[in-house]
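Subject: Structure handover

Hello,

Here is the structure I promised to pass on. Please open it alongside this note.

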Amino acid sequence: MPAAVAGPGPYTAGLVTKRPVFGCLFEIVETLVLTLIIFLVIQNFVAQPYKVQQQSMERTLEPEQYVLVDKLTPRFDAYKRGDIVVFKPPADWGNEETPFIKRVIGESGDTIEIREDGLVYVNDVVLDEPYVYADENGDPQPTTASLDQSTWTIPDGEIFLMGDHRSNSADSRTFGPVAVDQIIGRAWLRYWPFDTFGVLPTPTYPELAQTAP
């Protein structure tokens, strides 16, 4: 006798309930909004991409290269000499839509002096600067002071900034030290073009180890 076959019932297997179109659209919008919020939080508080637009950091950084700017660690790790930072330029020198990128040369309390020998002195000690732009023969470019000032004492809460391409850089030699609260973040990773990918090294200055502001 053939086995009986159960007829359709209220819980028949294989049925798929179609979700309302409105519910699907709501989930898509919700996902997009959440993604946007995460992106904005990361960009405003963690890291932000930056396109190099000036020539003042050649040959460390070239125009059209992209770097990732760390905005998180400076909240608990102060900017140090040798850091490359992105900052809002003084009002008379640019606009906030085009930030500047320079290197920290002087910290709060330092005395910075540019002498006639083309070298930079920090607290009367000559600074070893292998990153300074060099000519085709490998000779480093001399650093010159502004016309009216060659010595600066850095106030609390400010830092002294210069570009690596000293003859092609508007920096603290002309507009003075920059307040730390104008710093956007520390450039730490060059990521484009891809063949230049790498962490930007921060130099050390052992010659200053025995000096104090």
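First, the ground rules. This is a predicted model: local features need pLDDT of at least 70, side-chain atom pairs count only at pLDDT 80 or more, and totals for chains, interfaces and linings use all residues. Numbering starts from 1 along each chain as its sequence is written, and side-chain values use heavy atoms, with hydrogens and water left out.

Overall fold. The protein has two helices and twelve strands. Helices (H or I, at least four residues) and strands (E, at least two) are DSSP runs, numbered from the N terminus. The order from the N terminus is α-β-β-β-β-β-β-β-β-β-α-β-β-β. Contact here means heavy atoms within 4.5 Å. Of the contacts between residues at least 6 apart in sequence, 63% join residues at least 24 apart.

Surface. The accessible surface is about 13400 Å², and carbon and sulfur atoms account for 60% of that. Areas come from the Shrake-Rupley method with a 1.4 Å probe; for residues, only the protein chains shown count as cover. Of the 213 residues, 36% count as buried. Buried means under 20% relative accessible area, exposed over 50%, and partly exposed in between (1.4 Å probe, protein chains only).

Cores. A nonpolar core is a set of buried Ala, Val, Leu, Ile, Met, Phe, Trp, Tyr and Cys residues joined through side-chain atoms within 4.5 Å. The largest one has 14 residues; Ile105, Ile112, Val120, Leu127 and Phe160 touch the most other members. At least two residues of this core come from each of β5 (111-114), β6 (120-122) and β9 (158-162). Another core lies apart from it, with eleven residues, including Tyr50, Val67, Val69 and Ala187. Back in the largest core, look at Leu127. Beyond four places in sequence, Leu127 contacts Arg81, Ile105, Val120, Val122, Tyr205, Glu207 and Leu208.

Two loop residues. Asp83 sits in the loop between β2 and β3 (84-87). Asp83 counts as buried because its relative accessibility is 4%. Its side chain reaches the backbone nitrogen of Lys80 at 2.8 Å. Leaving out residues up to four places away, Asp83 touches Ala78, Lys102, Arg103, Val104, Arg186 and Thr202.

Glu62 is in the loop between β1 (47-51) and β2 (66-70). Its relative accessibility is 26%, so Glu62 counts as partly exposed. The C-alpha atoms of Glu62 and Val52 are 6.8 Å apart, with the two residues ten apart along the chain.

Best wishes

Notes
A polar contact is a pair of N or O atoms within 3.5 Å; within protein, one must be able to donate a hydrogen and the other to accept it, and residues adjacent in sequence count only if both atoms are side-chain atoms.
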